[in-house]
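Have the sequence and the model open side by side as you read.

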Amino acid sequence: MPQHARTTRVCRDCDGFPVVAITTGTRHRDGTRATLRVACPTCRGTGTTAPAALARTGR
């Protein structure tokens, strides 16, 4: 029998990849690159979004 999987609502702005690392182009003394971690502003770094009905009510 097939199992029913819960469908999670993936953020439409980041497609479920909520945090990215961006290189700045500079390097540290040990040779590694300096990076910035940036989170998706829409889902606040979770990768999922609330249903539209809950978003309208502010829950």
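Predicted model: local features only at pLDDT ≥ 70, side-chain atom pairs only at ≥ 80, totals over all residues.

Residues are numbered from 1 along each chain as its sequence is written, and side-chain values use heavy atoms, with hydrogens and water left out.

**Overall fold**
- The protein has 1 helix and 2 strands, where helices (H or I, at least four residues) and strands (E, at least two) are DSSP runs numbered from the N terminus.
- Along the sequence, the pattern reads β-β-α.
- Of the 59 residues, 12% count as buried, meaning under 20% relative accessible area, while exposed is over 50% and partly exposed falls in between (1.4 Å probe, protein chains only).
- Take the contacts (heavy atoms within 4.5 Å) with a separation of 6 or more: 49% of them come from residues 24 or more positions apart.

**The hairpin**
- β1 and β2 run antiparallel and are joined by 6 bridges; two strands pair if DSSP finds at least two bridges between them.
- The two strands form a hairpin with 5 residues between them, and G31 in the turn has a positive phi of about 100°.
- V20 has V38 in β2 as its bridge partner.

**The nonpolar patch**
- V20, I22, L36 and V38 make up a nonpolar surface patch, with about 310 Å² of accessible area together.
- β1 (19-27) and β2 (33-39) each supply at least two of the patch residues.
- Patch residues have over 30% relative accessible area and no salt bridge; like charges are joined within 9 Å, and nonpolar side chains (Val, Leu, Ile, Met, Phe, Trp, Tyr) within 5 Å.
- A salt bridge here is a side-chain nitrogen of Lys or Arg within 4 Å of a carboxyl oxygen of Asp or Glu.
- L36 sits in β2 and counts as partly exposed because its relative accessible area is 48%.

- T23 lies in β1 and touches R33, A34 and T35, leaving aside residues up to four places away in sequence.
- T23 and T35 are 12 residues apart in sequence and 4.3 Å apart in space, C-alpha to C-alpha.
- T46 is in the loop between β2 and α1 (52-57).
- The T46 side chain reaches the backbone oxygen of C43 at 3.0 Å and that of T48 at 3.1 Å.

Conventions: Areas by Shrake-Rupley, 256 points an atom, 1.4 Å probe, with all protein chains shown as cover. Polar contact = N/O pair within 3.5 Å; in protein donor to acceptor, adjacent residues only side chain to side chain.
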